[in-house]
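Reader: I have a structure to go through with you. Can we start with the contacts and then work through the parts?
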Amino acid sequence: MGSACPGAETCHAAGDVNPGAYGRIVRIKITEQDRRIFVPTPHGSPSWHRGYNRRSALERINNRIDNSFGFEHHFIRGMHKMKLRVGLAFAVMLAMALGHIKQGPAHQMRSLVQTPRQASG
């Protein structure tokens, strides 16, 4: 704050370097560097957290497909049959969630064990 660098002009004369409000800004070509270190979304930023939450949700769905619906140890042959069975499993998951929302408490919509309660009437 308030200090000046005597070699700033020499430093900024180097290629691919622009002076900015925060000092020297260096652009890194992500295709040539390690993607694990120089990521497009900064670690810990709000957009990183949103992406991580989406990834966690998909991992939970994949776990249910593998374990609850038995796709981890399957004997299905052929891509067409596998896509059909996985599509049916997704349809069952969505139908169970819809049934829980319409008939029972909404917090049980992820439950694959309990059936939706019948409407009392």
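Author: This is a predicted model. In the protein chain, residues 24 or more positions apart account for 17% of the contacts with a separation of 6 or more.

Reader: What secondary structure does the protein chain have?
Author: The chain has three helices and two strands. Along the sequence they follow the pattern α-β-β-α-α.

Reader: How much of the chain is buried?
Author: Of its 121 residues, 13% count as buried. The accessible surface comes to about 10,500 Å², and carbon and sulfur atoms hold 57% of that surface.

Reader: Which residues are buried in H3?
Author: Met82, Ala89, Met93, Met96, Ala97, Gly99 and His100. H3 itself covers residues 79–103.

Reader: And what do they pack against?
Author: The buried residues of H3 pack against helix H2, residues 46–68.

Reader: How far do those helices reach, end to end?
Author: H3 has 25 residues and reaches 36 Å from its first C-alpha to its last, close to the expected 36 Å. H2 has 23 residues and reaches 32 Å, close to the 33 Å expected.

Reader: What follows H2?
Author: Glycine 70, with a positive phi near 75°.

Reader: Changing topic. Which residues form the nonpolar patch on the surface?
Author: Ile28, Ile37 and Phe38, with about 270 Å² of accessible area together. Ile37 is in the loop between strand S2 (23–26) and H2.

Reader: Is isoleucine 37 buried or exposed, and why?
Author: Isoleucine 37 counts as exposed because its relative accessibility is 58%, and the cut-off for exposed is over 50%.

Reader: Last topic, confidence. What is the mean pLDDT of the chain?
Author: The mean is 76, and 72% of the residues reach 70 or more.

Conventions. Residues numbered from 1 in each chain as written. Predicted model: local features only at pLDDT ≥ 70, side-chain atom pairs only at ≥ 80, totals over all residues. Heavy atoms only, no water. Helix = DSSP H or I, 4+ residues; strand = E, 2+ residues; numbered from the N terminus. Expected span 1.5 Å × (residues − 1). Buried < 20%, exposed > 50% of the residue type's maximum accessible area, 1.4 Å probe, protein only. Contact = heavy atoms within 4.5 Å. Areas by Shrake-Rupley, 256 points an atom, 1.4 Å probe, with all protein chains shown as cover. pLDDT = per-residue confidence, 0-100. Patch = residues over 30% accessible without salt bridge, like charges linked within 9 Å, V, L, I, M, F, W, Y side chains within 5 Å. Salt bridge = Lys/Arg side-chain N within 4 Å of Asp/Glu carboxyl O.
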